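Hi,

Here is the structure I said I would pass on.

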Amino acid sequence: MPTWILIHGSLMVFWFIFWALMYYFKLWRIGFPFNKSTAFKAVFLYLFPISWLACSVILGTITSVLLDSNLWNVLLAIILPLLVLIAYSLNIFVSRYLFFRSEASNESAVNKTKEDMMKWTKQFPFIKEDNLSIQLYISNNKPIAKMYLYELGSKEMEIVKKKEKELPEHTSLYFLKKNFSF
């Protein structure tokens, strides 16, 4: 049996058993504050392949030097796992980068919506901070806003309703008799 198959096979079995025992005995709770499904993904999608491929490169290098292997064994024991490890790491890096960029975009959209809502309320001198409440959240990568106005008179409500169309997109306006916020 070729050396590279023995290296990859034995390392795969070792690391799989190691990470499976870590997961089974819940040793991931010591260092990772994750729930069970997130820990499963972290262990078997990230830690297992990376540890297996990194050890394959190291042991492949050692056995190639000690056994004076031919080019084919060097290619399969060192270069192939190294290329897969680099590609896998780049894939993780790019997906995390895109995720954080999307989060930053959502955060800036929420901040802009809140700023626009506060500018909109400045045109009404009777709306104060204590009779205003804003809820913002993200749905389908768009900021959704709810504005609650408390303790306004009927004439003030009519004035505000006339200007309601000037609110930012995906913003709902609600009128309540009392302030129920804590």
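**Around I127**

Leaving aside residues up to four places away in sequence, I127 touches T121, L132, L149 and V160 (contact meaning heavy atoms within 4.5 Å). Before you go further, note that this is a predicted model, where local features need pLDDT of at least 70 and side-chain atom pairs count only at pLDDT 80 or more, while totals for chains, interfaces and linings use all residues. Residues are numbered from 1 along each chain as its sequence is written, and side-chain values use heavy atoms, with hydrogens and water left out.

**The cores**

I127 also turns up in the largest nonpolar core, which has 13 residues. A core here is a set of buried Ala, Val, Leu, Ile, Met, Phe, Trp, Tyr and Cys residues joined through side-chain atoms within 4.5 Å; buried is under 20% relative accessible area, exposed is over 50%, and partly exposed is in between (1.4 Å probe, protein chains only). The members that touch the most others are W120, I127, M147, L149, V160 and L173. At least two residues each come from α4, β2 and α5 (154-162), and β2 gives the most, with 3 residues. (Helices are DSSP runs of H or I, at least four residues, and strands are runs of E, at least two, numbered from the N terminus.) Apart from this core lies another one of 12 residues, with I7, L11, W15 and F44 among them.

**Aromatic rings**

How many aromatic pairs does the structure hold? There are 16, counting rings of Phe, Tyr and Trp (its six-membered ring) whose centres lie within 6.5 Å; planes under 30 degrees apart are stacked, over 60 edge-to-face, and the rest tilted. One of them is W120 with F124, edge-to-face at 5.0 Å centre to centre and 70° between the planes. Both W120 and F124 are buried.

Y148 and Y174 make a stacked pair instead, at 5.2 Å centre to centre with 20° between the planes. Y148 sits in strand β2 (residues 142-150) and Y174 in strand β3 (residues 171-176), so their pairing ties together parts 26 residues apart in sequence. Y148 is buried, at 18% relative accessible area, whereas Y174 is partly exposed, at 34%. Elsewhere, ring pairs link F16, Y23, F40, F44, F48 and W52 into a cluster.

**And K119**

K119 belongs to helix α4 (residues 71-121) and is exposed, with a relative accessible area of 55%. Its C-alpha atom is 9.5 Å from that of L167, 48 residues apart along the chain.

Cheers
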